[in-house]
Amino acid sequence: MSAIEKLMAMQGRAALITGAAGGLGTVFSRTLAEMGADLLLVDRAESGLVEMAARLAANHGVKARALVFDLEQEAERGRLMGQVRAAVPALYVLINNAAFVGTSDLQGWGVPFEQQTVETWRRALEVNLTAAFDLCKGLAPHLRKAPGASIINIGSIYGELGPRWDLYEGTTMSNPAAYGASKAGLGQLTRWLATTLAPDVRVNMIAPGGVFRGQPEAFVRRYEDATPLQRMASEEDFAGIIAYLASDMSRYVTGQTILVDGGWSVW
C-alpha cells in the first residue's frame, strides 16, 4: 500500500452521515464506503434508506446500517445517539448533512421577508444548527475515542455571502433569511468546535455552491454566467472533498470552511 493509499484508507472506521438519503448524502455515503468505512446512515424517512444500506454493504464489503430519525425532534436525536453509542465502540467521522430547506408551499418560508415567520425560522435553526450542536456534543466522547476523528459540517455559500436577488428574477425560487443565518451559525460553530475538541477531533465545514437540480433555465443561465467554471455543481463534485476531510489526507486541517462553488464567490 502506497503512502497516499494509507492516508485514504478507512477500513474499520465508523462514519455517521445525516441526511444520507439525499443527493449529497448519497454521494458522501458511497464515497466513504468505497474507502472502506462502515456506515451509519441517518434520514427521517425509511423509504430507500434500508435498500441503500444493503446495496452499499454488498457492493463495497462494509457494514452499513439504516437509522430512521427526525433530527428536528430533540428526543429523537437522543435516541439516535444512544443507538450509535451502542452500535460502535468509537466514531471516526460525523457528517452533519441533514438540512431544513423548506418547500415552496411551506407557510412563511419562500415568501417576501416581511411575510417570513418565526415558526419557520425556528424550524430551520433547529435542524440546520441546533441538531448539529446536539450531535457534536452528545457524540464527542465517542469521537475522542477514535484516532484522527473528523466532524464535517455541510454549510452553504449563502452562509458566507449575501444572496444575489437578480438570479431569482422571474422565478418562484426563494432564499429565506433563516437558511442563510442557520448556515452562517454552523460556520461559527465549526470554528468554535475546532478549538474546543482539539487535538482529538478535527472539525471543518464544506460550503457548497449551487447544485443543479432542475432549476428554471433563466436562473441556471444567470448562475453559470456568474461562475468562473461556467456551470452549476453536480453532487459528484463533492466526492473528493468529503474523502479528503473524512480521511487522514487532511490530518493537519481543522477549523476551516472550504467553499466548493466553482469560483462563484471569487467575485
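In helix H2, residues Gly-25, Thr-26, Ser-29, Arg-30, Ala-33 and Glu-34 meet Met-52, Leu-56 and His-60 of helix H3, contact being defined as heavy atoms within 4.5 Å. By class, this contact of H2 with H3 comprises 3 nonpolar, 4 polar and 2 charged residues; Ala, Val, Leu, Ile, Met, Phe, Trp, Tyr, Cys and Pro count as nonpolar, Asp, Glu, Lys and Arg as charged, and the others, Gly among them, as polar. The model is predicted, with pLDDT of at least 70 required for local features and 80 or more for side-chain atom pairs, whereas totals for chains, interfaces and linings use all residues. Residues are numbered from 1 along each chain as its sequence is written, and side-chain values use heavy atoms, with hydrogens and water left out.

Helix H2 (residues 23-34) and helix H3 (residues 49-60) pack at an angle of about 25°, and their axes are 10 Å apart. H2 is therefore roughly parallel to H3, a label applied to angles under 35 degrees, with those over 145 counted as roughly antiparallel, 65 to 115 as roughly perpendicular and the rest as oblique. Axes are lines fitted to C-alpha atoms, for helices over the stretch in contact, and angles between N-to-C directions run from 0 to 180 degrees. H2 passes H3 in a right-handed crossing, the near helix being turned clockwise from the far one by less than a right angle (anticlockwise for left-handed).

Among the residues that make the contact are Trp-121, Leu-125, Leu-129 and Phe-133 of H5 and Tyr-179, Leu-186, Leu-189 and Leu-193 of H6. The residues of the contact of H5 with H6 divide into 14 nonpolar, 5 polar and 2 charged.

The protein chain contains 8 helices and 7 strands, assigned as DSSP runs (helices H or I, at least four residues; strands E, at least two) and numbered from the N terminus. For 267 residues a compact globule would have a radius of gyration near 18 Å, and the value of 18 Å for the protein chain agrees; the radius is taken over C-alpha atoms, and the globule rule is 2.2 Å times the number of residues to the power 0.38. The C-alpha trace spans about 50 × 40 × 40 Å along its principal axes. Of the contacts in the protein chain with a separation of 6 or more, 74% involve residues 24 or more positions apart. Buried residues make up 49% of the 267 residues (buried, under 20% relative accessible area; exposed, over 50%; partly exposed, in between; 1.4 Å probe, protein chains only).

Individual positions were also examined. Ser-247, in the loop between helix H8 (239-246) and strand S7 (257-260), is buried, with a relative accessible area of 0%. Not counting residues up to four places away in sequence, Ser-247 touches Leu-7, Met-8, Met-10, Met-35 and Arg-202. Thr-195, in helix H6, counts as exposed at 62% relative accessibility. Thr-195 and Thr-254 are 59 residues apart in sequence, with a C-alpha to C-alpha distance of 8.6 Å.

Most residues other than glycine have a negative phi, and most peptide bonds are trans. Gln-230, not a glycine, has a positive phi of about 60°. Gln-230 lies in the loop between helix H7 (217-225) and H8 and counts as partly exposed at 48% relative accessibility. The peptide bond from Ala-198 to Pro-199 is cis, with omega near 0°, and Pro-199 lies in the loop between H6 and strand S6 (201-208).
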